[in-house]
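Hi,

Here is the structure I said I would pass on. My notes follow below it.

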Amino acid sequence: MGDSTEKLLPIAGRRNILITSALPYVNNVPHLGNIIGCVLSADVFARYCRIRGYNIIYMCGTDEYGTATETKALEENCSPKEICDKYHAIHSDIYKWFGISFDHFGRTSTPQQTEVCQAIFHKLMDNEWLSENTMQQPYCDTCQKFLADRLVEGTCPTPGCNYDSARGDQCEKCGKLLNPIELIDPKCKVCRNTPHIRDTDHLFLELPLLREKLEKYISEMSVAGSWSQNAIQATNAWLKEGLKPRCITRDLKWGVPVPHEKYKEKVFYVWFDAPIGYISITACYTPDWEKWWKNPDNVELYQFMGKDNVPFHTVMFPSTLIGTGEKWTMMKTISVTEYLNYEAGKFSKSKGIGVFGNDAKETKIPPEVWRYYLLTNRPEVSDTLFTWADLQAKLNSELLSNLGNFINRVLSFIAKPAGAGYDSIIPDAPNAESHQLTKTLAENVGKLVEQYIDAMEKVKLKQGLKTAMSISSEGNAYLQESQFWKLFKEDPAACAVVMKTAAGLVYLLACLLEPFMPSFTDEVLKQLNLSRGANLSFSDEKGDVDKANKPWEFLPVGHKIGRPEPLFKELKDEEVEFFRQKFAGSQADRKLKEEADAKAVAEQLKKTKLADGNNKKEKKKSGGSSSKSKAAEAEPTISKLDIRVGFITEAKKHPDADSLYVEEIDVGEGSTRTVVSGLVKYIPLEEMQGRKVCVLCNLKPVAMRGIKSHAMVLAASNEDHTKVELVEPPASAEIGERVTFPGYSGEPDGLLNAKSKVWEKVQAELHTDAQLVASYKDVPFTTSAGICKVASIVNGDIR
């Protein structure tokens, strides 16, 4: 996520763009609605700008001060700083997995935030835009403190709403901003007692006095920056209602201290302080931050957010900057999303409903698929709905059947050996313009590229993606109509034109789709045998896109491509149903279910131990000298097996066997083991890379088609062996640790005795259960981080 040593600064004569996305609050894990609403949308635009050659920086970070952090710290019995450290790391990891290309991902609990925030406050004070007033605020006698807005809950007073869990600052249902004293039947969120009202002095930003300057900024910039309609409507609603003085201080400890003798025990209100975080995060990125933030003649500011954040960015933050009297870079363009809803309800961080960033990672559905689906479903003008069935349809029909199919057909044909294809070499295609079908395609593609640029410049990201995918559809139609497989024999010159043009389209698609699916682009470039470099572009140095009108010129004659591989994997009905069930209800409901499952496993373990104890008693009674007793003692158990957590560092196809993979696996020995597995038919190569697996390490090494295998990867198969899935340890399990089986102890054999058939006898008892837990008899495969599972195969055999 960015942060190269060379810091980017505005360059004279270039288009300089400063991009921010709403700072995600640090008290929880972000869900898919949060991700599409701010960081992902901004990332797409940032990546597009880089490909176009603009000079841009993308700033974001966690919003860390305020009541919500204090509340979360109370819940988790730790300090606010510990909460911030914990969730900042979680956010960073999730955004890294999603491929978000921040130039800097910072945080607001920094000295720079205090410095910038207090400097702005002093300017506002000096310019007399602040006033003092006495507020009535809820005070909880039980907690012995004033309650911040978010620490009060009650029924929303808005006619027709009546939502009974409205917060003191805003109703989550109707969106109306509130004061806590307006709530009906208010309660302290911590102790659930009813607070009473007490007087407390605070500082206010005099928005009514700034109205004229603010309205001038809004009327000019909303036109110049083509503000989205939902942003204009939300802003006008605030103006129409009449601007009121807005409180900028709070009775809290966790925040930027107010540098004023009378108010030194208070901190700045998070919505005064949070937007200033964009500036302070840039100050953490470069000491020359003012070249970005105080340079309105040479820098354009683009800001991305969900609709509930609009007034703070179009009214509050601009008023704050205007009030300083300094020459700030003001927001030019605001891109706003409506809500992404989940299946039958609404995504909710507070209630734990929906798919969260860490959930997406655990599904093993690749990040490019999540990015594509969220962006095709981006709620630009109205709320949209996430459903698993829709995700499946878009993956299978659009990514797999359209885009993946086109690219694979082109590259696979070029990769065929001479006589059947081009032996991986891009052919010469003289006089391509005279080939009528190709000329028509080029004209259509040129128009689509212009439409793509128009949509992306206007931040209509969904339209940009749709247009790029249309080029893939054009490519498929072009292949079909050309009947290249016949041309290869009947008209080799025409076939060369078609294949060189189609290969150029593959490169063009890699460029156009990079903002949306960067990991897809990386894989396509790898298969084209091209380095990403800094030259990934579909335009020339001046930004002209005439190249798109001649797609046969993108790749040079004689260039050797890499090895074609399938780019996407089908999502099956049973997987969709599994995910729908897994992510149903709230996170609390899911936790209860997991606890119930764990309890059931524990009960089963207890029964197993009791049974083992009874068996031992029986053995003692019989004197232990009979042949039957000796046979029982000799019966091998799972403790003989050396099963460890392994990590596949590299997987590739066996050079002499189409059905075999050759993997290098780290099992905690310092060097990797070479392992050969017959999984090609069941698991795509890309899914074998970089994942944790359970590895049987004490089988005798055996040569498989010329390569010696030094261990075995454990996998489960269904009844008719049509489906196979790897047994997976928890993500946090330690590489090299031994997988254990509670109730069975003992050191493993050095190498299993093949004559005694230890593996064969134990393997007969290995299976997955109804909860997808990998088990020996009824005892789970267990690591220090938890139990091992499979993705979807119930009651399968493990081998």
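How much space lies in the largest cavity? About 40 Å³, and the structure holds 1 cavity of 30 Å³ or more. A cavity here is a set of points, on a 1 Å grid over the protein atoms alone, where a 1.4 Å probe fits but cannot get out; lining residues have an atom within 4 Å of a point. Grid points are joined across faces, edges and corners, and the volume is the space filled by probe spheres set on the points.

Before the rest, the ground rules. This is a predicted model, with local features needing pLDDT of at least 70 and side-chain atom pairs counting only at pLDDT 80 or more, while totals for chains, interfaces and linings use all residues. Residues are numbered from 1 along each chain as its sequence is written, and side-chain values use heavy atoms, with hydrogens and water left out.

Back to the cavity. Its lining includes Tyr 217, His 313, Phe 317 and Met 330. Strand 13 (299-306) and helix 11 (310-323) each supply at least two lining residues, and helix 11 gives the most, with 4. (Helices are DSSP runs of H or I, at least four residues; strands are runs of E, at least two; both are numbered from the N terminus.) By type, the lining divides into 7 nonpolar, 3 polar and no charged residues. Nonpolar covers Ala, Val, Leu, Ile, Met, Phe, Trp, Tyr, Cys and Pro, charged covers Asp, Glu, Lys and Arg, and the others, Gly among them, are polar.

Next, Phe 568. This residue lies in the loop between helix 19 (518-528) and helix 20 (573-582), and counts as buried because its relative accessibility is 7% (buried means under 20%, with a 1.4 Å probe and protein chains only). Beyond its neighbours within four places in sequence, Phe 568 is in contact with residues including Glu 368, Leu 399 and Phe 520; contact means heavy atoms within 4.5 Å.

Helix 9 (residues 276-285) is largely enclosed by the rest of the structure, because 9 of its 10 residues are buried. Among them are Ile 276, Tyr 278 and Tyr 285.

Lastly, some strands. Strand 18 (residues 643-654) runs antiparallel to strand 19 (residues 657-666), joined by 7 bridges, and the two form a hairpin with 2 residues between them. Strand 19 also pairs with strand 20 (residues 673-677), antiparallel over 5 bridges; pairing needs at least two DSSP bridges. Tyr 661 is the bridge partner of Lys 653 and also of Ser 677 in strand 20.

Cheers

How values were computed:
Buried means under 20% relative accessible area, exposed over 50%, partly exposed in between (1.4 Å probe, protein chains only). On a 1 Å grid over the protein atoms alone, a cavity is a set of points where a 1.4 Å probe fits but cannot get out, and a pocket is an open set with protein on both sides within 12 Å along at least five of seven lines; lining residues have an atom within 4 Å of a point.
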